[in-house]
Amino acid sequence: MKNKPFLLKPSWEKTFGKKPRTYCRSDTRIIANPGVVIKVLRQKKILVFLAYFLLVTLAMLNLANFKWAKESQPCSLQMTENVKFQNRPYFHLINHKAPQVRNRTLVYVLTTWRSGSSFFGELFNQNPGVFFLYEPMWHIWQKLYPGDALSLQGAERDMLSALYRCDFSVFQLYNTQVGKNVATRDVFGAPFNKVICSYPLCPFYRKDVVGMVDENVCKNCPPQSLEALEEQCQKYDTIVIKGVRILDINVLAPLLADSSLNLKVVHLVRDPRALANSRIRSKHGLIRENLQVIRSRNPNLRHLPMVDANYKASKRDGSDYHSIAAMEVICEHMSNTLKTVLSGPSWLKGKYIMVRYEDLVENPLGTLKHVYQFVNLTVSRDMEAFIMNMTTGHNNPVEPFEVSSRNGTMAANAWRTVLGINQIRQVEAYCSHAMSVLGYVHVRMLWEARNLSKSLLTLPRI
């Protein structure tokens, strides 16, 4: 028997007890060597470890970047508009503080009809740094007419709250033209408003140039949307609203106590006898207002005859009666305001000053500086020249609502040569307390009123 040659078994047959499988592709035979497999697996472990290490490293870098972004940076977002924030990982997760609200100065000129308020308002309307609104509550009185003045006070306060926040959509609520959107030209007093009549809302004037605007020119300004007016309002640090329809400062108490508003009140007053005389002169322009004020009168208050003995009873006397009768309500609420001021409530501390029209025309520069200091404004040379020109003129305007250069002292004392003694006494009876607090002297005889060399002013108690 032929001996078979002894063949050594490969190492893998000793280990696994069988011949390994072979895989053929074309003429190449690849043998799955277990030693090679183990070596490959070891290499994969190394790759997995490296991948894990890489992931951990990236996570640490992202965390470091996140913490860096949360810290305060020397630059604001507005200063880095050109930076491509999408290149910074997870930038959308960063919580930034809300932008700081601008600390505006809000001013309400509290006054009544025929107090010289149109001229006084120009001291703010002409200032390049002031956004000024003239009698916005007029819209409420027109929309809700007929009514009484007291019932409208809450709506007026709500309107002021919106306007001081540059929300002018409130005008649309009191739009008297159904189906038409309110535009800048529809806002009461628009033809005299320097913001509405100036660039960029209107091409005819510039807000930074002090000087009266021409009503006839401003009426040709293109109408702009209320949104455009709101945009301009947002640019100003000082917003001033002048109104004659808030009768009592207590109506403004919620706004003055609101910590989100920095509201101040400038109380413009005038001798009630001068108010009555001016109301008579402009009675045809105040028919609605007189009726709405009189409707608010307390029926328990006394009502004395208004007709001067030297006048013949006529329709003219009836008109004079309504003009002066409104003084009863006006002075009653003026007295309430003064009592509140004298009591010194916390919500009014540091937020109120009183200005007498007579002091304004006698000492225009000093009064202007006093008022501007109170509302954090600077008196420029242009404003100084403006107020001196407006109070030292020689004109006697025919139109009672016209604002122009005039002799302020003569305008302040005009009532003394016109009113009869019965009219004077009636106004003094209605306004006795207010006159006493404000420093206006009563007259006993007509000759005291006619003697212009005799001063009827003393120091006010406020």
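Glu135 sits in the loop between strand E4 and helix H4 (138-143); helices (H or I, at least four residues) and strands (E, at least two) are DSSP runs, numbered from the N terminus. Glu135 is buried, with a relative accessible area of 5%; buried means under 20% relative accessible area, exposed over 50% and partly exposed in between (1.4 Å probe, protein chains only). The phi of Glu135 is near 50 degrees, a positive value in a residue other than glycine.

The model is predicted, so local features need pLDDT of at least 70, side-chain atom pairs count only at pLDDT 80 or more, and totals for chains, interfaces and linings use all residues. Residues are numbered from 1 along each chain as its sequence is written, and side-chain values use heavy atoms, with hydrogens and water left out.

**Chain and confidence**

- The protein chain has 19 helices and 7 strands.
- Of the 462 residues in the protein chain, 44% are buried.
- Among contacts (heavy atoms within 4.5 Å) in the protein chain with a separation of 6 or more, 74% are between residues 24 or more positions apart.
- The mean pLDDT (the predictor's confidence in each residue, from 0 to 100) of the protein chain is 81, and 74% of its residues reach 70 or more.
- Residues 66-101 have a pLDDT below 50, and this stretch has 15 contacts in the model beyond near neighbours in sequence.
- Over residues 304-308 the pLDDT also stays under 50, and the model has 15 contacts for them beyond four places in sequence.
- Where pLDDT is low, the predicted coordinates should not be read in detail.

**Helices H3 and H14**

- The axes of helix H3 (residues 117-125) and helix H14 (residues 364-374) come within 12 Å and cross at roughly 55 degrees.
- H3 is therefore oblique to H14: angles under 35 degrees count as roughly parallel, over 145 as roughly antiparallel, 65 to 115 as roughly perpendicular and the rest as oblique.
- Axes are lines fitted to C-alpha atoms, for helices over the stretch in contact, and angles run from 0 to 180 degrees between N-to-C directions.
- On the H3 side the contact is made by Phe120, Leu123 and Phe124, and on the H14 side by Leu368, Val371 and Tyr372.
- By class, this contact of H3 with H14 has 6 nonpolar, no polar and no charged residues; Ala, Val, Leu, Ile, Met, Phe, Trp, Tyr, Cys and Pro count as nonpolar, Asp, Glu, Lys and Arg as charged, and the others, Gly among them, as polar.

**Buried places**

- Helix H8 (residues 226-233) is mostly covered, with 6 of its 8 residues buried.
- The buried residues of H8 are Leu226, Ala228, Leu229, Glu230, Gln232 and Cys233.
- Their cover includes strand E4 (130-134), helix H6 (170-173) and strand E5 (238-243).
- Leu438, in helix H18 (residues 432-438), is buried with a relative accessible area of 0%.
- Not counting residues up to four places away in sequence, Leu438 touches Val269, Met334, Leu338, Met354, Arg356, Thr458 and Pro460.
- Leu438 and Ser335 are 103 residues apart along the chain, and their C-alpha atoms are separated by 9.9 Å.

**Backbone details**

- Most residues other than glycine have a negative phi, and most peptide bonds are trans.
- Arg114, in the loop between strand E3 (105-110) and H3, has a positive phi of about 65 degrees although it is not a glycine.
- Arg114 is buried, with a relative accessible area of 14%.
- Tyr199 and Pro200 are joined by a cis peptide bond, with omega about 10 degrees.
- Pro200 lies in the loop between H6 and helix H7 (215-218).
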